[in-house]
Amino acid sequence: MPIGVITNCMAVFLGGLLGGTVLRKITPWYLKQNLPFMFGLCSIGIAVNSLVKAHNMSAVVLAVLVGFSVGQVFHLHEKTTRFFAWLVETLHLGGKEVDMGVYITMVALFCCSGFGWYGAMNEGITGDASLLMSKAVLDFFTAAVFATGLGVSLCAIPLPQIFIFLAVFGISKFIAPFLTPEMIADLSGCGGVLTLGAGLRVAKIIDAPIVDMMPALILVMPLSLLWTSLLG
């Protein structure tokens, strides 16, 4: 039973719902304006911490470049933006005034963080949900604050998040015999690159199509294994 996966997704749902409703009404306007920037900086700090854990940085860079190219070819960022714009409007979560660029960045942060994927893999392999339980506490407050700053509920984000995490949870049971510490470390590093891009976007420093980078998280571990085998 993926207790950690479900708990983490519920934390994002509840935090996003609280921030987009109750906290949105009582938070001063100047705090709403500045909170996304501060969390962008915090995301950059988390990204740096993940990046230094990478074992084969060359494999991580290759995965990011190839993964980004795949995302660009299939227009993943544009399609994801259109889908969530429709979902937000259909579910009446905020209306047309929502900054969808920042919203999609939140989708990338919650659904494709290296820490989240590692937590789901760890629970799938060992049954230990402690990593995702601790992440759930952080994600609850993150979702609440981001939803407050955006002025929109983030409760639609757990829809893709739970499918992605459950897929990682299930697949990890089958690939467990093939995983190495180096592959896990490079997954963390790759997640750090995506988190860095998301942090820079939230802080409005760059405007990168973050979702186009997501295929890198699928490619990084086989590329890490290949890189280690070739150098070994």
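I'll go through the helices, the core, the salt bridges and a surface patch.

First, the ground rules. This is a predicted model, where local features need pLDDT of at least 70, side-chain atom pairs count only at pLDDT 80 or more, and totals for chains, interfaces and linings use all residues. Residues are numbered from 1 along each chain as its sequence is written, and side-chain values use heavy atoms, with hydrogens and water left out.

Let's start with helix 4, residues 57-73. Helices here are DSSP runs of H or I with at least four residues, numbered from the N terminus. Helix 4 has 17 residues, which at 1.5 Å a residue should span 24 Å. The expected span is 1.5 Å times one less than the number of residues. The end C-alpha atoms of helix 4 are 24 Å apart, so the two agree.

Which residues of helix 4 are buried? They are Ala59, Val60, Ala63, Val64, Gly67 and Gly71. Buried means under 20% relative accessible area, exposed means over 50%, and partly exposed is in between, with a 1.4 Å probe and protein chains only. Seen down the axis, the buried residues of helix 4 fall within an arc of 135°, so they line one face. That arc is taken from the directions from the helix axis to the C-beta atoms. On the other side of helix 4, Leu65 and Val73 are exposed. An α-helix has 3.6 residues a turn, so residues three or four places apart point the same way.

Now step into the loop between helix 4 and helix 5 (76-90). Histidine 75 lies there. Its phi is near 55°, a positive value in a residue other than glycine. Most residues other than glycine have a negative phi. Histidine 75 is partly exposed, at 41% relative accessible area.

Helix 5 holds phenylalanine 84. Phenylalanine 84 counts as buried because its relative accessibility is 3%. Look across to isoleucine 104, 20 residues apart from phenylalanine 84 along the chain. Their C-alpha atoms are separated by 7.6 Å.

On to the core. A nonpolar core is a set of buried Ala, Val, Leu, Ile, Met, Phe, Trp, Tyr and Cys residues joined through side-chain atoms within 4.5 Å. The largest one has 52 residues. Tyr103, Met106, Leu154, Ile157 and Cys190 touch the most other members. Helix 6 (residues 100-111) gives the most to this core, with 10 residues.

Next, helix 9, residues 158-175. Its 18 residues should span 26 Å, and its end C-alpha atoms are 25 Å apart, which agrees. The buried residues of helix 9 are Pro158, Gln161, Phe165, Val168, Phe169 and Ser172. They cover an arc of only 100° around the axis, which puts them on the same side of helix 9. Phe163 and Phe174 are exposed on the other side.

Helix 10 runs over residues 181-202. Of its 22 residues, 17 are buried, so helix 10 is largely enclosed by the rest of the structure. Just after helix 10, lysine 204 takes a positive phi of about 60°.

How many salt bridges does a search of the whole structure find? Two. A salt bridge is a side-chain nitrogen of Lys or Arg within 4 Å of a carboxyl oxygen of Asp or Glu. One joins lysine 135 and aspartate 139, with the closest N and O atoms 2.5 Å apart. Both lie in helix 8 (residues 130-150), four residues apart, about one turn of the helix. Lysine 135 is buried at 4%, and aspartate 139 is buried at 7%.

Arginine 201 and aspartate 207 also form a salt bridge, with the closest N and O atoms 3.1 Å apart. Arginine 201 counts as buried at 10%, but aspartate 207 is exposed at 63%.

Last stop, the surface. Met1, Ile3, Ile6, Met10, Leu14 and Met133 form a nonpolar patch with about 570 Å² of accessible area together. Patches use residues with over 30% relative accessible area and no salt bridge: like charges are joined within 9 Å, and nonpolar side chains (Val, Leu, Ile, Met, Phe, Trp, Tyr) within 5 Å. Areas come from the Shrake-Rupley method with a 1.4 Å probe, and for residues only the protein chains shown count as cover. Helix 1 (residues 3-20) gives the most to the patch, with four residues. Isoleucine 6 lies in helix 1 and is partly exposed, at 32%.

How values were computed: Helix = DSSP H or I, 4+ residues; strand = E, 2+ residues; numbered from the N terminus.
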